[in-house]
Amino acid sequence: MAAPAANMKINGERLWDSLMEMAKIGPGIAGGNNRQTLTDFDAEGRALFQRWCEAAGMTMGVDRMGTMFFRREGTDPDALPVYVGSHLDTQPTGGKYDGVLGVLGGLEVIRTLNDLGIKTKHPIVVVNWTNEEGTRFAPPMLASGVFAGVHKLDWAYGIKDAAGKTVGEELKRIGWVGDEDVGARKMHAFFELHIEQGPILEADGKDIGVVTHGQGLKWIQITLTGKESHTGSTPMPMRVNAGLGMARITQLVDEIAWSHQPKAVGAIGHVEVYPNSRNIIPGRTVFTVDFRSPDKAILDAMDASLREGARKIAGEIGLGIEIEQVGHFDPVTFDEACVTKVRNAAERLGYSHRNLVSGAGHDACWVNRVAPTAMIMCPCVDGLSHNEAEEISPEWAKAGTDVLFHAVVETAEIVA
């Protein structure tokens, strides 16, 4: 199949304008976004994306998880579509590019094809996956996980947020429950463009990350139960301090991650302390350990070390302990043929590039189970993401989307 000519490139200004327009929906308090999944702002962002896609001549399908699929027809009605996309939902203090670049980059691929009058054999479908972030409703990559058969639909519908609202209820409330069975669609291939969310590309002076693998992840939620008591009048030997247990396990998590260098990371991000009063010793803490590694054996070893060490710490202090895995995926190896198309596109376009292992989870990690998949990454300033100060340059966005365009269009096959 013929590759697109090297002079075929996307409209970088139009892409950037679209990113800035979407960023107006669900503004954060410090220049970023708070467009959490299944909120009113999410619904507003979906509606804007729908208008843009339909203006570009695409038709919409929505599955029962609320994932949006916009199709540009190919010349062969029997050819499986090439899919491209990411997610529009953000962290509570999220940036303007995490996920959004991949969705609007997919739209820009279609707009550029329209501009150039190019037809493809395979249809192309641009996707917005529901609840990739997993902050309001854990686990992350929820809709793509249901699509890939990792999670059951009814289970996903029953997941609750901190206010007790369920995924199913909120999907219905914002009006985005589709009628398609989740996972019924078949893919020829899937490509996802994303910001790196790490410092490697910028530090190395590379335009493009060719993602060959994705780290595995385990989210392990620990609940410690002690005894609430007055911080001033309770003698030290009589305290059952759940906060102390959390502090010691936090140190343990760091030690475990360091013991598996350089192929492991670990931290505690989510923390809840009860009753969270200045003069009350915490009676209960709930926190989540995030372990990641590209090596499954290391990931499993860290999990085992945590469980053994956390139970020992709880026993020494006299705490009750509950341990629950609330998120997990194994390390991923992306499709060699799709990865090669990404690498060849970067070389054809003259963009500097290097191989990367993704440190974060992405919808592509689940889709890789059911279709040939690859990822493209562009740098982000100081590697900062999941932060309102997250930033990329228009040039980085354009380079990543140029490579996306070439990889997708080569896979979809230009019709002369």
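Colleague: Where is proline 262?
Modeller: Proline 262 sits in the loop between α8 (242-258) and β10 (265-274). Helices (H or I, at least four residues) and strands (E, at least two) are DSSP runs, numbered from the N terminus.

Colleague: What should I know about the source and the numbering?
Modeller: This is a predicted model: local features need pLDDT of at least 70, side-chain atom pairs count only at pLDDT 80 or more, and totals for chains, interfaces and linings use all residues. Residues are numbered from 1 along each chain as its sequence is written, and side-chain values use heavy atoms, with hydrogens and water left out.

Colleague: Back to proline 262. Is the peptide bond from glutamine 261 cis or trans?
Modeller: The bond from glutamine 261 to proline 262 is cis, with omega near 5 degrees. Another cis bond joins alanine 138 and proline 139, where omega is about 10 degrees. Proline 139 is in the loop between β5 and α4.

Colleague: What else is in the loop between β5 and α4?
Modeller: Methionine 141 lies there. Its phi is near 50 degrees, a positive value in a residue other than glycine. Most residues other than glycine have a negative phi, and most peptide bonds are trans.

Colleague: Is methionine 141 buried or exposed?
Modeller: Methionine 141 counts as buried, at 1% relative accessibility. Buried means under 20% relative accessible area, exposed over 50%, and partly exposed in between (1.4 Å probe, protein chains only).

Colleague: And aspartate 382: is phi positive or negative?
Modeller: Positive, about 60 degrees, although aspartate 382 is not a glycine. Aspartate 382 is in the loop between β16 and α12. At 64% relative accessibility, it counts as exposed.

Colleague: New topic. How many residues of β3 are buried?
Modeller: In β3 (residues 82-86), 5 of its 5 residues are buried. Val82, Val84 and Ser86 point one way, and Tyr83 and Gly85 point the other.

Colleague: Which strands are joined to β3?
Modeller: β5 (residues 124-128) is joined to β3 by 5 bridges, and the two run parallel. β6 (residues 189-195) is joined by 3 bridges, also parallel. Strands pair if DSSP finds at least two bridges between them.

Colleague: Which residues face each other?
Modeller: Glycine 85 has valine 127 in β5 as its bridge partner. Tyrosine 83 stands opposite phenylalanine 190 in β6.

Colleague: How many aromatic pairs are there in the whole structure?
Modeller: A search of the whole structure finds 8. Rings of Phe, Tyr and Trp (its six-membered ring) pair if their centres lie within 6.5 Å; planes under 30 degrees apart count as stacked, over 60 as edge-to-face and the rest as tilted. One of the pairs is tryptophan 16 with tyrosine 97: centres 5.6 Å apart, planes at 25 degrees, so it is stacked.

Colleague: What parts does that pair tie together?
Modeller: Tryptophan 16 lies in α1 (residues 12-23) and tyrosine 97 in the loop between β3 and α3 (100-116), so the pair links parts that are 81 residues apart in sequence. Tryptophan 16 is buried, at 18% relative accessible area. Tyrosine 97 counts as buried too, at 1%.

Colleague: Which residues form the aromatic cluster?
Modeller: Phe69, Tyr83, Trp129, Phe147 and Phe190 form one cluster. Phenylalanine 69 counts as buried at 1% relative accessibility, and phenylalanine 147 counts as buried at 6%.

Colleague: Now α10. What span should it have?
Modeller: At 1.5 Å a residue, the 14 residues of α10 (residues 336-349) should span 20 Å, and its end C-alpha atoms are 20 Å apart, which agrees. The expected span is 1.5 Å times one less than the number of residues.

Colleague: Which of its residues are buried?
Modeller: Cys338, Val339, Lys341, Val342, Ala345, Ala346 and Leu349. They cover an arc of only 155 degrees around the axis, which puts them on the same side of α10. The arc is that of the directions from the helix axis to the C-beta atoms.

Colleague: What covers them?
Modeller: The cover includes β6, β7 (208-214), β15 (353-358), β16 (373-378) and α12 (394-412). Contact means heavy atoms within 4.5 Å.

Colleague: What comes just after α10?
Modeller: Glycine 350, with a positive phi of about 80 degrees.
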